[in-house]
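Please examine the sequence and the three-dimensional structure shown here. The briefing that follows is arranged by topic.

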Amino acid sequence: MAEQTFRPGEPQIPDEALVDQVLQGEVSAYDWLVLRYQERLYAVIYHMTANHEDTNDLLMETFDKAFRRLSSYKKNSSFYTWIYRIALNHTVNHLNRGRKRRYDLSLNELSVDEATEQEFADLSAVTGAQAAARVELQNKLNESLKNLSESQRAAVVLFDIEGMGHAEIAKIMHCSEGTVRSRLHYAHRYLQKALASWLNK
Amino acid sequence: MTRLSRFRVILFAGLWLVFTVAGHAADGDKTAVMDSLSGEVQQIFNQTAAAVVKIRAFNLEQTLAGTGFFIDDHGTLLTAYDVVLEATRATIEYRGQQIAARIIGRDLRSGVALLKADLEHTPFIPAGNSDHLKIAGGLVGVGYAYNLPVSPSFGIITGFDVRYLNSFFATTHVRCNVTVSPGQIGGPLLNSSGEVVAMMVFSVDGGRECYGLPIKAANRIAADLREYGAARHGWVGVGVVEAEPDKPYAHAVYVNQLYDRTPAVDCGLAKGDQVIAIGDRKIRNPQDILDAAFFAKVGSAVPVRVIRNERELTFNLKIIERPALKLPVTLPLPYQAPSPAAREPVRVNLPQ
Amino acid sequence: MNEQKLQKLLRLKKLETPGQDYFDGFLAEFHRYQQAQMLRQAAKWEPWRAWFREFLCREPYRTVASCGAVAVVTALLVIGLGNFSRHSAKQSGFARTPAMPKVRLVSDSGTTEQPPAPRYSTGQTPLSYDKTIAF
């Protein structure tokens, strides 16, 4: 199991210790886990659903589910892997049930800061697209992501967006590393084709 | 009777007399020791009980219960963080009345909370010298177990620890075998002069042993809470490792990490340096490092003396504030998890 | 659209966040959510609980119920302590405070609910679980 790293400013209590405290009755210890994982789990769920409203609901349901199941958490895997798996499975179930909302969030409404502006500028230069079209490019990417199967999309979210390694992803998705690689391979091929054809229109 | 046999009779009679008297005297001594011990505990208890109060703190759905004590005559109280957690409202029971107490500040890292009740001329417990405590020193604990009236307990110091299972306290704690029942946490541990030398912060082994935070450490935090509303823990950014952690007693301590964006970076210290002193404090083991850090004042500079390649070097490091996670003020406990361990004793209603 | 450009585009998605304000308020929202869940659960079971109380507080059921409850509690304590002594053998150093089963029994007064007992402090485990020491 990898050593847990703590972000600056965080109390250095490992996840497993907090879980122990919750199970001993110190329920407020769970709040620290929520704070620790809220941004990361939000990201995973959001990139799977591309929808802020759904993500908000699913994130709360995920934390609630994890809380109720805390006593069944076995320490043979890291808490990190366990809660990511709950988040992913819960989201995929939701998507499969087809309860999507019509409302989709486009990039304009999200917080775009200077860093984004710079990266976008570089990208425009690289692809030759006009500045005004860059938002559309991103939207097209989101659309294409939705056309992937849930497992391919999850692999892309965890690998390309969240920057996880193949081994970690394999543990979260409960499959072999080879499966992860092939899912990524197919997903990338599809996305490249979809975006290339759109760009060349 | 011959002279010899008479002599023997007198000798035996005399010896018998001596032993009987000595026996009685010895018994008398035994009774006297026990009485004098009880007498001492009683005296300390009578002297201090009025300054020890029951504290109730209110979180959204839950009432938290514990003990605290006055440290000055203006109604300032010291207690443990666990007695108030993140509650915003608290009351104390003083002279039979529930009185509101304001929570001036609390510090999760040291386990201290400071309260103030709007009272004048409160009895208070003076602070003793917690630096000179010794193993087997006697301690009297005073506190409110459950819903019971204030009561004393007695024990001895069994150790000074900075390590507990796989974790570390922020500073050396006193371990003692004073029995602590739920609710007594936050109460004082007193020496034979009735001065507080530690505050009960953590009970282990089902209440059979207890950890106390030395009063010097508690007062250092209380001063911060009074002045800044929060404790400011010193931080320099040097990670150390202990040589031979499995063996008991003193070990050399070596630098093994210099954290990013701290005064440790570019200060001249290097990995592998053996730390031998921080300020005036000699470093002989990791305990000393933690204590040095605990009592360091944020904003001041501290000389760190190390041995490198058999040469002694000194580096001055500025102490910055240890980063702390900012939590929302109230952390309401949502509801009891499906199968937690309950802290209340099992209540049984027997038929009439 | 080559692999490199795709990677860059995908990496940009990392910046799609709802903003710090959302996360600052999330914990409180989550607590409200859990409390709402709890109330919903409670509302579901209330008629059953009311019936239970009414029924079992009438004699002779009350005495029978109390005796039965005592028997259950005793059994639980015995099992609980048995588990505890097995567990504590595995731990080095001090044993943790044993987990007591939480049992709410039928109160004598029947209709009036007793207020829950306060949580009596037993202190906290040390904050710092640092595996390394730093100053």
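The structure is a predicted model, in which local features need pLDDT of at least 70, side-chain atom pairs count only at pLDDT 80 or more, and totals for chains, interfaces and linings use all residues. Residues are numbered from 1 along each chain as its sequence is written, chains are lettered from A and ligands numbered from 1 in the order in which they are written, and side-chain values use heavy atoms, with hydrogens and water left out.

**Chain B**

- Chain B contains four helices and 20 strands; helices (H or I, at least four residues) and strands (E, at least two) are DSSP runs numbered from the N terminus.
- Of its 352 residues, 49% count as buried, where buried means under 20% relative accessible area, exposed means over 50%, and partly exposed lies in between (1.4 Å probe, protein chains only).
- The accessible surface of chain B is about 17,400 Å², and carbon and sulfur atoms account for 55% of it; areas come from the Shrake-Rupley method with a 1.4 Å probe, and for residues only the protein chains shown count as cover.
- In chain B, 59% of the contacts between residues at least 6 apart in sequence join residues at least 24 apart, contact meaning heavy atoms within 4.5 Å.
- Helix 4 of chain B (residues 286-295) is mostly covered, with eight of its 10 residues buried.
- The buried residues of this helix 4 of chain B are B:P286, B:D288, B:I289, B:L290, B:D291, B:A292, B:A293 and B:F294.

**Chain C**

- Chain C has three helices and two strands, and from the N terminus on its elements follow the order α-α-α-β-β.
- Of the 135 residues of chain C, 30% count as buried.
- Chain C exposes about 8,300 Å², with 63% supplied by carbon and sulfur atoms.

- Two packed helices are described by the angle between their axes and the distance between the axes.
- Helix 7 of chain A contributes A:V156, A:D160 and A:I161 to the contact, and helix 1 of chain C contributes C:Q7, C:L10 and C:R11.
- By class, this contact of helix 7 of chain A with helix 1 of chain C has three nonpolar, one polar and two charged residues; Ala, Val, Leu, Ile, Met, Phe, Trp, Tyr, Cys and Pro count as nonpolar, Asp, Glu, Lys and Arg as charged, and the others, Gly among them, as polar.

**Aromatic pairs**

- A search of the whole structure finds 22 aromatic pairs over all chains; rings of Phe, Tyr and Trp (its six-membered ring) pair if their centres lie within 6.5 Å, and planes under 30 degrees apart count as stacked, over 60 as edge-to-face and the rest as tilted.
- B:F70 and B:Y94 form an edge-to-face pair, at 5.5 Å centre to centre and 80° between the planes.
- This pair links distant parts of the chain, with B:F70 in strand 2 (residues 63-70) of chain B and B:Y94 in strand 4 (residues 89-94) of chain B, 24 residues apart.
- Both B:F70 and B:Y94 are buried.
- C:Y22 and C:F26 form a tilted pair, at 5.9 Å centre to centre and 45° between the planes.
- C:Y22 and C:F26 lie in helix 2 (residues 20-56) of chain C, four residues apart, about one turn of the helix, and both are buried.
- One aromatic cluster is formed by A:Y30, A:Y42, A:Y46, A:F63, A:F67, C:Y22, C:F23, C:F26 and C:F30.

**Loop residues of chain B**

- B:D73 lies in the loop between strand 2 and strand 3 (76-80) of chain B and counts as partly exposed at 32% relative accessibility.
- The C-alpha atoms of B:D73 and B:F124 are separated by 6.0 Å, although the two residues are 51 apart along the chain.
- B:R95, in the loop between strand 4 and strand 5 (97-107) of chain B, is a residue other than glycine with a positive phi near 50°; B:R95 is exposed, with a relative accessible area of 71%.
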